[in-house]
Amino acid sequence: MRGMSSIVQQIARLLAGVLFLFGTYIVLHGHLTPGGGFAGGVLIAASFILVSLAFGSVEQTERNLYTLSSVVESVGGVLFVGLALAAYVGGTFFFQNASIYGVGSPLHLISGGIILPANIAIGIKVGAGLFAIFLALGASRFVMKD
Amino acid sequence: MIELYVLLAVMLVAALVAIHIKDLLAAAVALGIVGFSVAIMFILLQAPDLAIVQIVIETLTVVLFAAVILRTTNTDTTINDGVKRELVFPTVAYVTFGVVFLILAGRALTELPSFGDPTMLVAKEYIALGLEKTGAANVVATIILDFRGYDTLGEATVLFTAVVGVLTIMRRAGRKEQDGEGRD
């Protein structure tokens, strides 16, 4: 993939970090404010997509990133299922919330028991998954163009 | 309420434009208008969660469409001017079915509770006990990740399947191409 013009590159340089930070904020505050793992994950993926569209990349890096992001996506999924299974350790049933984590004090960042870690797992999964899809589509175009 | 109907009219017009215009870039922009109108509608109906997702997804979609169109072709060659004879019967059939369905749906929908006055049986409990039982202030997060965690697990599985499917298809195509070129 080739990069884009220097105007796009400057804007992407300014925007990508803010976008990533905002995505992380939405994931971490999913249990307090509107948002959550899905919305924040898409924003995180968008920041990566912005960078790779604006600056371009070489094929080998793209392939490595593609493997890495599909592995990270699976890790997010396993993490989410693991959180659900962890309730068995506490002696209760699948997806039981407050048995082993504790509810925490409401309206604080550490609250809501399983909801915060589950949001983080979903955020990782959605972000890496969307970026992997983008890379798969982009990489195939790269190969077809040659 | 009136702004919702204005938005609906805008969306209908934009959707028709997206289908019938020959310039594909203009069609993608019209599709974006539909999507962002949906986002505004979510904000008006006080669902900021959905609005955030809708805005981000819509931006990504329009960017993807624009990228594909800029790299391939700009004109839709499948749109023909003039009436084709073999399309007359299907069109009439569609319109007839649509009218019948609308009449039946209109009768059925009058039986439903009116807008903004839902029948809440389980949801009442969720809203009343959400903060107390889970300690999370956002009632949407309470529902999707606690009371209805199974749904979210299913949703995550759907996404996982979609990613695996796309990766499988695209990777195969890439490998074949690579073998054809004699690379390792």
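Helices (H or I, at least four residues) and strands (E, at least two) are taken here as DSSP runs, numbered from the N terminus. Read that way, chain A runs α-α-α-α-α from its N terminus, with 5 helices and 0 strands. This is a predicted model, in which local features need pLDDT of at least 70 and side-chain atom pairs count only at pLDDT 80 or more, while totals for chains, interfaces and linings use all residues. Residues are numbered from 1 along each chain as its sequence is written, and chains are lettered from A and ligands numbered from 1 in the order in which they are written.

Let us stay with chain A for a moment. Of its 146 residues, 45% count as buried; a residue is buried if 20 or more other C-beta atoms lie within 10 Å of its own, exposed if 12 or fewer, and partly exposed in between, with C-beta atoms placed from the backbone. Two residues are in contact if their C-beta atoms, again placed from the backbone, lie within 7 Å. Among the contacts in chain A with a separation of 6 or more, 69% join residues 24 or more positions apart.

Buried positions in H3(A) include A:Tyr66, A:Ser69, A:Glu73, A:Gly76, A:Gly77 and A:Phe80.

Now turn to where the two chains meet. The contact takes 43 residues from chain A and 31 residues from chain B. On the chain A side, helices H2 (37–55), H3 (59–85) and H5 (115–145) are the elements that give two or more residues, and H5(A) gives the most, with 15 residues. This side of chain A divides into 26 nonpolar, 15 polar and 2 charged residues. Here Ala, Val, Leu, Ile, Met, Phe, Trp, Tyr, Cys and Pro count as nonpolar, Asp, Glu, Lys and Arg as charged, and the others, Gly among them, as polar.

Within chain B, helix packing takes over the story. Two packed helices are described by the angle between their axes and the distance between the axes. The axes of H1 (residues 2–20) and H2 (residues 24–44) of chain B come within 8 Å and cross at roughly 160 degrees. Axes are lines fitted to C-alpha atoms, for helices over the stretch in contact, and angles run from 0 to 180 degrees between N-to-C directions. H1(B) is therefore roughly antiparallel to H2(B) (angles under 35 degrees count as roughly parallel, over 145 as roughly antiparallel, 65 to 115 as roughly perpendicular and the rest as oblique). Contributors to this contact include B:Leu7 and B:Met11 of H1(B) and B:Leu31 and B:Val34 of H2(B). By class, the contact has 16 nonpolar, 1 polar and 1 charged residues.

H2(B) also packs against H3(B) (residues 48–71), with axes that come within 8 Å and cross at roughly 175 degrees, so H2(B) and H3(B) are roughly antiparallel to each other. Their contact has 16 nonpolar, 4 polar and 1 charged residues. Among the residues that meet are B:Val38 and B:Phe42 in H2(B) and B:Ala51 and B:Ile55 in H3(B). B:Val38 counts as partly exposed because it has 16 C-beta neighbours inside 10 Å. The C-alpha atoms of B:Val38 and B:Ala51, 13 residues apart along the chain, are separated by 8.0 Å.

Finally, B:Phe89 lies in helix H4 (residues 88–109) of chain B. With 9 other C-beta atoms within 10 Å, B:Phe89 is exposed.
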